[in-house]
Amino acid sequence: SERSAPTSVQRAAFPILTATQGKGSGSRRSAKKQQRLPKRTNAIIASPTGTGKTLAYLLPLLCTSPGGQTGEGTGGVLIVTPTIELAVQIQREVDVLWPRQRQPLEEEEDSFGRSSLFVVGADELDNESNNNLQDGSTGMDGEEEEDTNNNSQEEEIPPGRRTLQSIGHAPLIAGTPKMLRMLYREAERIANDPNYYNGILAPRVSQEERVASLALLSNLRAIVLDEADRLLRTEAAAREATERKQRKIARRKAEEAAAAAMEEYLPPPPPAKKRRLIIARQTQTELLLRDLPVPDLDDVQIVCASATIGRTMRRQLMQILDAPSA
């Protein structure tokens with residue numbers, strides 16, 4: 001970080017996020033170590049853009065890691081972002097705190113090493129940028145045929161499985177709600193459907209994919225909703241609440257006018273023109289939280305970060321967690 005001292009929101013968030021809940025808090029057992037892990041406190045981080053919210057939750061989460069950079073386990077921390085670009089920015093912050101590590105057999109393939117934060121969908125983002133750079137370039141016919149054959153073979157494997165093949169042992173995973181739902185659905189299918197991983201319904205699942213799937217379904221200890229207002233579509237929810245209130249007021253006034261008209265033997269006023277109510281549908285984030293492989297969200301730490309926290313968003317978050325605000 002460019003700052004030499006922590007910001008006010010970072011100072012406020014650190015003791016909250018590193019604190020453990022008292023009696024009655026949930027606890028779980030790690031599939032590998034079979035040891036009881038403390039349940040950390042949930043929190044809402046509300047602070048303007050540029051005040052260091054990312055480090056405000058990253059530092060405590062990394063400091064409370066049960067195994068550190070190499071022993072955390074795949075998918076211990078899940079960071080949900082509205083865009084892949086934001087997830088890539090968070091990855092850069094993680095790479096400063098936990099430097100990239102080279103794998104013994106991957107030094108030539110990846111000279112920069114592997115990040116501790118795996119961004120689901122980042123490879124598609126890289127492919128799009130490469131395609132934009134290569135627009136108008138020409139290549140040899142033989143190479144084009146090879147690429148076409150390789151692409152057709154890759155298309156047979158679902159995107160979620162391709163992600164599991166490359167996720168490695170990344171302790172942190174980030175991505176959009178839709179991409180993360182796809183990843184966890186694929187992991188559950190591999191872990192629970194023998195016809196699937198035995199190659200009856202799809203290409204045979206590798207041992208690497210199965211290990212990554214089982215780790216994803218057992219290691220989750222913390223969830224971060226970065227830019228929670230965008231993830232939960234708070235503006236749409238606020239518009240819906242306002243329209244419902246306006247409709248209730250208009251209906252009450254119409255009933256009062258009709259009652260008054262009956263008393264004075266006057267014709268009632270014409271009914272108000274009905275407008276279509278804009279309903280804020282369940283978001284991909286809420287669906288992701290519903291489908292996560294945990295018995296109860298009380299079993300994991302949940303951190304929400306946003307530039308502003310209004311009344312509507314507080315009401316939304318109270319449906320998800322009971323948390324202090326930093």
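Q165 sits in helix α7 of this predicted model. Its relative accessibility is 28%, so Q165 counts as partly exposed. The C-alpha atom of Q165 is separated by 9.2 Å from that of R210, although the two residues are 45 residues apart along the chain. S166 is also found in helix α7. At 33% relative accessibility, S166 is likewise partly exposed. The C-alpha atoms of S166 and E208 are separated by 8.9 Å, and these residues are 42 residues apart along the chain.

E209 belongs to helix α10 and R161 to helix α7, which spans residues 159–166, so the pair ties together parts that are 48 residues apart in sequence. E209 and R161 are both buried.

The whole structure was searched for further pairs of this kind. Side chains of opposite charge can pair when their charged atoms come close. The search finds six salt bridges. One of them joins the side chains of E72 and R221, with an N to O distance of 2.7 Å. This pair links distant parts of the chain, 149 residues apart. E72 lies in the loop between α3 (68–71) and β4, whereas R221 lies in the loop between α10 and β7. Both E72 and R221 are buried.

R230 forms a salt bridge with E227. The closest N and O atoms of this pair are 2.8 Å apart. R230 has a relative accessibility of 48%, so R230 counts as partly exposed. E227 is partly exposed too, at 26%. The place of E227 is the loop between β7 and α11. The backbone of E227 has a positive phi of about 55°, although E227 is not a glycine. Most residues other than glycine have a negative phi. Elsewhere, R181, R290 and D291 are linked in a network of salt bridges.

The largest nonpolar core has 37 residues. Within this core, I223 and L292 have the most contacts. Several elements give two or more residues to the core. The strands are β4 (77–80), β7 (222–226) and β8 (301–306). The helices are α8 (177–192), α10 (207–216), α11 (228–231), α13 (284–291) and α14 (311–318). Which element gives the largest share of this core? It is α8, with seven residues.

Strand β7 also holds V224. V224 has a relative accessible area of 0%, so V224 is buried. The C-alpha atoms of V224 and A43 are separated by 9.7 Å. Along the chain, V224 and A43 are 181 residues apart.

Helix α2 was examined next. Is helix α2 largely enclosed or largely open? Eight of the 11 residues of α2 (residues 53–63) are buried, so the helix is largely enclosed by the rest of the structure. The buried residues of α2 are K53, L55, A56, Y57, L58, P60, L61 and L62. L62 has a relative accessible area of 10%. This value is under 20%, so L62 counts as buried. L62 and V77 are 15 residues apart in sequence. In space, L62 and V77 are 9.2 Å apart, C-alpha to C-alpha.

The surface shows a patch of charge. R247, K248, R251, R252 and K253 form a positive surface patch. R247 lies in helix α12, which spans residues 234–264. An α-helix has 3.6 residues a turn, so residues three or four places apart point the same way. R247 has a relative accessible area of 34% and is therefore partly exposed.

E72 and R221 are buried, as are E209 and R161. By contrast, R230 is partly exposed, and so is E227.

Conventions. Residues are numbered from 1 along each chain as its sequence is written. This is a predicted model: local features need pLDDT of at least 70, side-chain atom pairs count only at pLDDT 80 or more; totals for chains, interfaces and linings use all residues. Side-chain values use heavy atoms; hydrogens and water are left out. Patches are made of residues with over 30% relative accessible area and no salt bridge: like charges are joined within 9 Å, nonpolar side chains (Val, Leu, Ile, Met, Phe, Trp, Tyr) within 5 Å. Accessible areas come from the Shrake-Rupley method with a 1.4 Å probe; for residues, only the protein chains shown count as cover. A salt bridge is a side-chain nitrogen of Lys or Arg within 4 Å of a carboxyl oxygen of Asp or Glu. Lys and Arg count as positive and Asp and Glu as negative; His and the chain ends are not counted. The place of a charge is taken as NZ of Lys, CZ of Arg, CG of Asp or CD of Glu. Helices (H or I, at least four residues) and strands (E, at least two) are DSSP runs, numbered from the N terminus. Buried means under 20% relative accessible area, exposed over 50%, partly exposed in between (1.4 Å probe, protein chains only). A nonpolar core is a set of buried Ala, Val, Leu, Ile, Met, Phe, Trp, Tyr and Cys residues joined through side-chain atoms within 4.5 Å.
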